[in-house]
Amino acid sequence: MRHLTVALWASAAILATVALGGCPSGQPGGGAVTPTTGESAGPAVELQMWTIWSAEPRKSALDQIVANFEAAHPGIRINVVPTEPDAYKSRIRVVTGSGSPPDIFFVWSGEWLHNFVRGDNVLPITAELDANNSEWRDRVMGDALKWYTFDGETYGIPFLRQCTFFFYNTQLFERDNVQPPATWNEFLAACDTLKRPDVAPIALGNSVKWPAHHYVSCLWQRLMGQDQLVSDFDPLGPGAYDDPGYVKGLQMFRDLVERGVFNRAPNGTTRENARALFYTASAAMFYTGTWDLNALREGGEAPEDFWDTWDWFNFPAVEGGRGDQQALHGGADGYVISSKTAHPEEAITFLKYLNSVEAAQLFVEQCKELVLVNGAVTEQNADEHLLRYARQVEAAPTIVPWADTLLERSVAEVLLDGCQALVEGSITPEQIMDNMRARQANVKRHLQELGGSSMEVETPENEAG
Amino acid sequence: MSRRLAARLSDAFYALLALIFMLPLIWTVVGSFRASGLRTEPWGLPERLNLSNYAAAWEGKIGVYLLNSTVVTVISVLVIIALSAPAAYAFARLRFRGSSLMLGFILTGLLIPAHAVLIPLYQLNAALGVGDYLAIIGPYVAFGLPLSVLLLRAYFVEIPRELMEAAIMDGAGHMRILWTIFMPIAKPAVATVAIFQASWIWNELPFALVFIASGSHYTLPIGLLSFRGEHITDWGAILAGVTISVVPLMVLYLLFQKHIVRGLTAGAVK
Amino acid sequence: MLVLPAAVVFAFYITYPLLHTIVLSAYSWSALNPVRTWQGMGNYVELYHDPVLRVALINNGLWIVLSLVLQLPLAMLLALGIGSALRRHRMLRTLFFSPLIVPAVAVGLIWQLFYEPNFGALNALFEAIGLDGWTAGWLGDPKLATLCIIIVSSWRYTGFHMMILLAGLQAIPDDIYEAARIDGASAWRTFWHITLPLMKRIVLVDALLITVGSVKIFDLIWVMTEGGPNRASEVLATYMYRTAFSDDRMGYAAAIATVMLVLTLIATVIYVRLTGQEEAEA
């Protein structure tokens, strides 16, 4: 046995040494041998670009944008690697963690991106945005860039704007003579009126556990305002959560559950089935994102007779709340450049192109989604829904990110779990806040050990009242 | 009750049980021909023979993924058997010091979840400079070994000692005994190992997802996932893809199944 | 020397990365940050007080016990009942094996639709036969979620265990059965006194496989509930995955992985002991 073990380890060691010594390490993009530019002007620069747009129509739209870009820039090739969104989260972490990230990659805004920025994985592009009288910066719609900005540096471009609204069935509303509610009390009354044995007032598919949290997230914003949330959520802040609004918001959601407004077993219902409840008129309302626009309208998964029987309204105002009652809620997905890229200039050139009106219009044309480039959505490339949505975004005083994208990841998980437990009634609002405080204290200790007060979230401008 | 009737009844019972077992697969095949309504009426039948899902799956390069999966699976299974058979033989028949410790060492591999070693393995692959096929075949072989060694060893132990002793008298070496005597007798176990490893590798996801860098080397499970978007999923195409991906394994299974039965009827073990 | 090639490959791709993981469990670190801070046993101390770990351990225990209880007898029944060379038995075996070749993602989806509380077939079935009280949220019910997934897993793997037992069954010489038949032994007695003792080793191997599979079960749970609702169906592997890739606490995740490894070692030692005894008796 002894010499067997020795032999075993010896050969493993030899193998490892040969392997480590014999091969160049750290090929970008994980061992895919890419022709890197030599000193000569021969082969093109190849950039790896990772995206979650693996499904149609986004996939083809991106392919086409890339093809157009390559035609205009013969010296640069973009190798797009699409990955299914859920899997992407672990995949990008693994490759970043082992030091060979792709040159350009997809990010979700807020803490998800911030986490990458803290580890120094992302290239700031502030100077490029500001060049030529900040011509590039001005192209980006609204204030979305602020969620890509930390400590005064901007780390990428927001591209897709997605907001959540209450979608409602106009026929069911008409049948019960209900108007889209503007305030929380009107909303509660509407729920009571709409409720029937075969109709749930609201469809909720909470098996992935973040849809329920949207209610809490919105209520918190309405009650306390965006600025307070952002500073309370700062993982290096006090993390006291002593505003009674936190418990109140959770309680308001719990009251909603107890009122019986949701379909059967929301925690066992997928988002897709909640959507199906909505378009089969088994539910009168559905709080979901604009990503579902395509499923509900012509050509979507909903049956044809449903296509013209829905509309949407913003989350109702909460009486006596301190936040901006007209604010929208949403996120801004985008792209960043790796700080480890060997070709920063070429990567920036591509990002700039991706963010151009030309590319954005192409994307809108094919995907019917809102791209955060001024002038991207026009009467030629969009339908009435998208046009109306774009106007709403333009007019919004502010667009508040959902709580789970603002909170540090593990603290966010505590909130999400808490909301799921709240649906089944196995936890109290106070307990959820205790759990969040405890988790955040832990995170704070860890971040301080890493040493860095520079990780503070940049506080966005004041919310206009 | 006559013996015949009892046999009939028992067969009917198993057939019914099999039908219940098959329902999900039948549902998949039926669903792959449906154009709509998979969510709201999950048990509906296709209105007519609709091939659009297959067209979508084919458009999604399912053919390329099929080829990739075949290459990876065949190579991995062959290497697994080539490596595990000698080891199983040694553990079953040779008394060397520390053999049970060594066996325990390899068996620990059974319990290791892929995710536990994902990052170190990725770094290893990057350091080796291997990507794509090689990057996943290595881990597949390593993770396939414990079960194969375990199963083959359990089978080898049952093979009568006299067979081996007689061969040694004839001057045969261990390798020859293994390949000319043990392996033919152990065909059922080898076939079992091959089938199980193949179905595992064919459907493996975490490694393939992280280690395969280029889209042209994607295996089937990743290919299937690419029909799942962030918010909208083309379940029709996925079901068509699943149907396509199940066929090769089904054929493999039917082929190997014969060997398992032959092992029995040949009555090699006496 | 026959073991060497296998052992080298194994050590290279599994043992080395695993040791790496164990070392990393002593640190607090993020995949996205090169800075690692030394924690010593800190992660393990936290694990000891972690209520989610307790839930996961209990669930893994449930997985082991229920999987053994459901799969082993059913697999044995199948191996005995349709294990012959008859063509129709071969066909039936293929059918029982077929769930295994469907990718886990697809299996999860199909069963999700079956359990779905609003449109799903299970609730529809209960309503149709007048058992309205039996309808439930299934995967959305913290008390039922784990059980529901264990049933799916048993459905998926029973055919595989049938195959393994079959391989063992075929090693039993026919003449022993012949002798038993001439002695007039009943089917049950034959099974209990001849088949089972002769198959003891392969049954043990199979039991170990089920145990081990239950400790590292991941994909079905991830696809169907992601460990929810509110962690009710969390097991070690899903908890580790979430901690590593969602919470980005790699050190803590490595500590969970190490706990899993310790459990393997225990299961393996028990197995080696049991089979070792066998060999000594033989």
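# Three chains, questioned

Me: What does the secondary structure of chain B come to?
Reply: It comes to twelve helices and zero strands. Along the sequence, the pattern of chain B is α-α-α-α-α-α-α-α-α-α-α-α.

Me: What are the ground rules of the model?
Reply: The model is predicted; local features need pLDDT of at least 70, side-chain atom pairs count only at pLDDT 80 or more, and totals for chains, interfaces and linings use all residues. Residues are numbered from 1 along each chain as its sequence is written, while chains are lettered from A and ligands numbered from 1 in the order in which they are written.

Me: How confident is the predictor in chain B?
Reply: The mean pLDDT is 82, and 95% of the residues of chain B reach 70 or more. That score is the predictor's confidence in each residue, from 0 to 100. Over residues 262-270 of chain B, pLDDT stays under 50. The model has 14 contacts beyond four places in sequence for that stretch.

Me: Why is A:Leu277 called buried?
Reply: Take the cut-offs: a residue is buried if 20 or more other C-beta atoms, placed from the backbone, lie within 10 Å of its own, exposed if 12 or fewer, and partly exposed in between. A:Leu277 has 27 C-beta neighbours inside 10 Å, so it counts as buried. It sits in helix 11 (residues 271-279) of chain A.

Me: What is A:Leu277 in contact with, leaving aside neighbours within four places in sequence?
Reply: A contact needs two C-beta atoms, placed from the backbone, within 7 Å. A:Leu277 has such contacts with A:Ala200, A:Ala203, A:Asn263, A:Ser282, A:Ala283 and C:Asn118.

Me: What makes the buried residues of helix 8 of chain B lie on the same side?
Reply: The buried ones are B:Ile177, B:Leu178, B:Phe182 and B:Ile185. The arc is that of the directions from the helix axis to the C-beta atoms. On the other side of helix 8, B:Met175, B:Arg176, B:Thr180 and B:Pro184 are exposed. The buried residues pack against helix 3, helix 6 and helix 7 (161-169) of chain B.

Me: What about helix 14 of chain A: which residues are buried?
Reply: In helix 14 (residues 357-367), A:Ala359, A:Ala360, A:Phe363, A:Val364 and A:Cys367 are buried. Their arc is only 135°, which puts them on the same side of helix 14 of chain A. They pack against helix 2 (58-72) and helix 13 (344-354) of chain A. After helix 14 comes A:Lys368, with a positive phi near 55°.

Me: How many residues does the contact between chain B and chain C take?
Reply: It takes 79 residues from chain B and 69 residues from chain C. By class, the side of chain B that touches chain C has 56 nonpolar, 19 polar and four charged residues. Nonpolar covers Ala, Val, Leu, Ile, Met, Phe, Trp, Tyr, Cys and Pro; charged covers Asp, Glu, Lys and Arg; the others, Gly among them, are polar.

Me: And how many residues of chain C are in contact with chain A?
Reply: 36 residues of chain C are in contact with 41 residues of chain A. Helix 1 of chain C gives the largest share of the chain C side, five residues. That side divides into 17 nonpolar, twelve polar and seven charged.

Me: Which domains does the assignment give for chain A?
Reply: Domain 1 (45-155 + 330-393) and domain 2 (164-327). Such bounds come from an automatic or database domain assignment. The domain centres, taken over C-alpha atoms, are 29 Å apart. Their contact takes five residues from domain 1 and five residues from domain 2.

Conventions. Helix = DSSP H or I, 4+ residues; strand = E, 2+ residues; numbered from the N terminus.
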